Amino acid sequence: MFFILLSLIVNVLVAGYMGLAIGFRLKQMLPGLDEVFGPDTTSRQILACLYLAIAVCSIVALADSSIRLPIIVVLFPLQIFYKVLSAFLVTERSNPVPKANLAISILHCVSLYFVFAGL
């Protein structure tokens with residue numbers, strides 16, 4: 001249960017923070033915003049929506065244990081898939097986002113292991 005809650009908290013903190021910073025162009029929250037995510041474009045705004053959706057789903061899962069399992073069984077694999085893909089598709093190897101994505105993917109994999117192992 002520890003890793004599951006940790007994964008959800010990481011989602012709220014990281015995805016929520018990034019979604020707010022990107023979506024509302026809060027350069028004071030994330031000074032390197034343009035260097036890491038590129039200029040403010042429609043695609044970056046869509047990414048902010050994705051981050052905020054992940055954060056909101058994670059908040060709901062944290063708040064209501066009766067629907068936590070269905071949420072994480074869908075949310076975590078989806079995140080793992082898109083985060084691992086980013087490591088292969090982002091061509092700028094110095095960009096920190098794919099590296100952070102891989103770290104979060106590992107945490108979500110561990111959490112899913114405990115879910116399916118019944119621990």
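Visitor: F2, buried or exposed?
Guide: F2 counts as exposed in this predicted model, because its relative accessibility is 58% and the cut-off for exposed is over 50%.

Visitor: And F3?
Guide: F3 is partly exposed, at a relative accessible area of 31%.

Visitor: How many aromatic pairs are there?
Guide: The structure has four. In one of them, the ring centres of F2 and F3 lie 5.3 Å apart with planes at 75°, so that pair is edge-to-face.

Visitor: How are the rings of F37 and Y51 arranged?
Guide: Edge-to-face, because their planes are at 80°, with the centres 6.5 Å apart. This pair links distant parts of the chain, as F37 sits in helix 2 and Y51 in helix 3, 14 residues apart.

Visitor: Are those two buried or exposed?
Guide: F37 is buried, with a relative accessible area of 16%. Y51 is buried as well, at 7%.

Visitor: Switching to helix 3. How many residues does it have?
Guide: Helix 3 covers residues 42–63, which is 22 residues. From first C-alpha to last it reaches 31 Å, close to the 32 Å expected.

Visitor: Which of its residues are buried?
Guide: In helix 3 they are R44, A48, Y51, I54, A55, S58 and A61. They span an arc of only 150° around the axis, so they lie on the same side of helix 3.

Visitor: What do they pack against?
Guide: The buried residues of helix 3 pack against helix 1, helix 2, helix 4 and helix 5.

Visitor: What is exposed on the other side?
Guide: T42, I46, C49 and A63 are exposed there.

Technical notes
Residues numbered from 1 in each chain as written. Predicted model: local features only at pLDDT ≥ 70, side-chain atom pairs only at ≥ 80, totals over all residues. Heavy atoms only, no water. Helix = DSSP H or I, 4+ residues; strand = E, 2+ residues; numbered from the N terminus. Expected span 1.5 Å × (residues − 1). Buried < 20%, exposed > 50% of the residue type's maximum accessible area, 1.4 Å probe, protein only. Arc of directions from axis to C-beta. Contact = heavy atoms within 4.5 Å. Phe/Tyr/Trp six-rings, centres within 6.5 Å; stacked < 30°, edge-to-face > 60°.
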